[in-house]
Amino acid sequence: MPPESITVAGSFGTPPLAERAPRQRALASNHVTGWLLALPLTLVLLAFLVLPILMIVVVSFWTATEFSIVPAFSFENYEFLLGSDVTWRVLLNTVKYAAVTWAITLVLGFTVAYFLAFHVRSQTWQTTLFLLCTIPFWTSNIIRMISWIPFLGREGIANSALLSWGVVDQPLDWLLFSDFSVILAFVHLYTLFMVVPIFNTMMRIDRSLLEAANDAGASGFQTLWNVVLPLTRPGIMIGTIFVVTLVMGDFITVRFMSGSQSANVGRLIQNDIGLLQYPSASATSVMLLVVTLMVIGVLLRLVNIRKEL
Amino acid sequence: MTKMRYSRRSLLKTGAAALAASALPAPMIWAQEIKDITLRQFGTGVSNLNEVAQKVKEDLGFTLEMTALDSDAVTQRAATQPDSFDIADIEYWICKKVWPTGNLQAMDTSRIANYDKIVGIFRDGKLTPESTIAQGTAPHTVGFTSGPGGTDFVAEESGWMTLIPTIYNADTLGIRPDLIGRPIESWAELLNPEFKGKASILDISSIGIMDAAMVCEAMGEIQYGDKGNMTTDEIDRTMAIMTEAKRAGQFRSFWKTFDESVNLMASGEVVIQSMWSPAITAVKSRGIPCVYQPLKEGYRSWGGGIGLSSSLSGMELDAAYDYINWYLSGWVGGFLMRQGYYSAVPETSKAFMSENEWGYWFEGKPAVEPVTNPFGDVLAQAGEARDGGSFYDRMGQVACWNAVMDENQYMVRKWNEFIAA
């Protein structure tokens, strides 16, 4: 029995639309029941997702003084935002973090999932090892992230070990407060989000297909490349969406692991909020939302997740 | 410590308290009810100490709830959520931002027993009659308002205070003498390429910009008209120098909270950085050498005070005045001074410090026996003297105060760009 794809069902599983029922049978029809079933979720999403986003869009056109925000219709925030080269650099940095983290978590996640799904034969072991993967999630992700700092520091465990082994004669500065440490933390935090959906789809692959490939004379790599990989695409895509959105929206990991030396869009927003510049923070949020939606849009063009699930 | 125990009863015996008693309405009637009063105080970590809340409960009977936030969050809350607090423990530059919102109420100095003993810095701006007033948001410039309900600032001692001063200090750079190995004398050293990848500055715009200005001026790159109130051009040039240094890898990290600065220094990630006095003592108490280096250009100073929410009235307001009078009556002052801060009424704190402690912290004398902080950590051995010397040596060398400028909006945006650069 493959585990249920719990996380995904919620966001994509809108109730099927039955064909339009005649008015007189309306109450009894599946159509109305469907709408009623969808109603609670719709209301929750409207109240806690759509309305706040609309509010953010509205506020992004307001202006701010030092301690108050003033309703207005002004493009000032966007002008400042889009007119500053820092914004573009930061946006590029955000995309860079997302791309590198995505590539590493994909390779790691795919390998781990492949091992779990195809190499571990006993179902007990499969479940045990899978649960083992989730153990780090029992503590807060901020703690998991911060615990890297004493490890990677100039006088940290990693550097003292390297020094005593004679690998280096100067402590390595780039281990901490650098892009390296930021990406390391991202990979550590988010690989599981890649493992779970890929593992899930792999478990649904009909084993007879692998046997057929084998019978037809395909090598192990050919099977992997031509059979397993295409069939795991939906899982990869879901994992990708998780990782990309999490990394693009992050601010705390970048703040701590780079020692505030690097910035992504989330940090811009956080700084603005700290300095009471809500309209400017809103404008930046809108920009981030648009960029993230564009990325997701492209991803969804590549794979029709609803069809393939 | 037992002889320093402080209660309402003992307070009535002292001369200072006689003033308090005459200035305050007799608290007899609500002696019972006061137990039910809870005042919500919030502020930066420096003075929001649980020990103070415990002592308030013991001495005054009511409950004080403390919330510690960083400076930006404090400003935000004081400016936007006036009903979420009763007492705001804020810095003077924050007061300049928050006071015009009308969220705080003016305080009647005639109800402050020790008002006459408050040091000159917070009254006419002069430490001693000969002192010159430093640049920046000097506390006395935002310390008084025209009267009850006023949202303006007045230059003279009007009898209505915006904040009651509680705590202040002179800040400079902290260094690790063991890792630097040579004398440091100027703010310019922060951007010295010798310390590439080993320097840090704090990421709180209003304070960081002042440190940056001290550095740029010391380097001889910029001559400021008034560091506390820069022109947009001065801001641009300052941030350009800092950004260039940042891109060249001068900074190891920026810090935003007290604990971060302690960890950076103690772990050796950073050997020179902007720092706060108790952070130095926190590093030292771990047995790591750390010096609060006096520099020839002088100190960047800051001051904090207590403001009352405008929604505070009746019995709660009386309790708040009680709290303020208690705050200035010595115990808290001693508690803070033994961590390296200064009290607004130093002479009342003297009674709560040993002669050795007073000599070390206030008079700049070498300690005659080991000096400990209120938590029992040894901070100095016999024979050591405080970095920078006595109160008058240190506070007399202030070059500028933490400030909020006319071009603050612009500065904040430029600072944000610097952090993101």
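Chain B is assigned two domains: domain 1 covers 2–170 + 301–352, and domain 2 covers 173–297 + 390–420. This is a predicted model. The C-alpha centres of domain 1 and domain 2 of chain B lie 28 Å apart.

**Confidence**

The predictor gives the complex an ipTM of 0.72 and a pTM of 0.77. For chain B the average pLDDT is 86, and 92% of the residues score at least 70. Residues 1–29 of chain B have a pLDDT below 50. Beyond near neighbours in sequence, that stretch still has 24 contacts in the model. Where pLDDT is low, the predicted coordinates should not be read in detail.

In chain B, 26 residues of domain 1 are in contact with 25 residues of domain 2. On the domain 1 side, several elements of chain B supply at least two residues each: helix 4 (71–80), helix 5 (92–98), strand 6 (135–136), strand 8 (164–171) and strand 14 (299–309). Helix 5 of chain B gives the most to this side, with three residues. By class, the domain 1 side that touches domain 2 of chain B has eleven nonpolar, ten polar and five charged residues.

Strand 1 (residues 38–43) of chain B has two parallel pairings to follow. With strand 2 (residues 63–68) of chain B, strand 1 pairs in the parallel sense over six bridges. Within this pairing, Arg40(B) has Glu65(B) in strand 2 as its bridge partner. With strand 3 (residues 87–91) of chain B, strand 1 pairs over three bridges, again in the parallel sense. Here Gln41(B) stands opposite Ile87(B) in strand 3 of chain B.

Two helices also pack here. Helix 3 (residues 50–60) and helix 11 (residues 314–328) of chain B meet at an angle of about 110 degrees, with their axes 11 Å apart. That makes helix 3 and helix 11 of chain B roughly perpendicular. From helix 3 of chain B come Val56(B), Asp59(B) and Leu60(B); from helix 11 come Asp322(B), Tyr323(B) and Trp326(B). The residues of this contact divide into four nonpolar, no polar and two charged.

Five strands of chain B form an open sheet in the order 11-10-12-9-13, and the pairing is mixed. Strand 11 (251–255) and strand 13 (291–293) of chain B stand at the edges. Each has a single partner strand, so one side of each is left without a neighbour in the sheet. On average, neighbouring strands of this sheet are turned by 25 degrees against each other, direction ignored.

Inside the sheet, strand 10 (residues 199–202) and strand 12 (residues 272–274) of chain B run parallel and are joined by two bridges. Ala199(B) stands opposite Ile272(B) in strand 12 of chain B.

Helices lie against these strands. Helix 7 (residues 205–219) of chain B lies across strand 10 and strand 12, running at about 135 degrees to strand 10 of chain B. Helix 9 (residues 258–266) of chain B packs on the sheet as well, touching strand 9 (173–175), strand 10, strand 11 and strand 12 of chain B. The direction of helix 9 makes about 155 degrees with that of strand 11 of chain B.

Helix 7 of chain B also packs with helix 16 (residues 408–420) of chain B, at an angle of about 80 degrees and with axes 10 Å apart. The two are therefore roughly perpendicular to each other. Ser205(B), Gly208(B) and Ile209(B) in helix 7 meet Met411(B), Val412(B) and Trp415(B) in helix 16 of chain B. This contact holds four nonpolar, two polar and no charged residues.

| Helix pair | Angle | Axis distance |
|---|---|---|
| Helix 3 and helix 11 of chain B | about 110 degrees | 11 Å |
| Helix 7 and helix 16 of chain B | about 80 degrees | 10 Å |

**Contact with chain A**

25 residues of chain B are in contact with 21 residues of chain A. Helix 4, helix 5, strand 11 and helix 16 of chain B each supply at least two residues of the chain B side. The largest share, seven residues, comes from helix 16 of chain B. The chain B side that touches chain A divides into eight nonpolar, eleven polar and six charged residues.

Technical notes: Residues numbered from 1 in each chain as written. Chains lettered and ligands numbered in written order. Predicted model: local features only at pLDDT ≥ 70, side-chain atom pairs only at ≥ 80, totals over all residues. pLDDT = per-residue confidence, 0-100. Contact = placed C-beta atoms within 7 Å. Pairing = 2+ DSSP bridges. Helix = DSSP H or I, 4+ residues; strand = E, 2+ residues; numbered from the N terminus. Axes fitted to C-alpha atoms, helices over the stretch in contact; angles between N-to-C directions. Domains from an automatic or database assignment. Nonpolar A, V, L, I, M, F, W, Y, C, P; charged D, E, K, R; others polar. Parallel < 35°, antiparallel > 145°, perpendicular 65-115°, else oblique.
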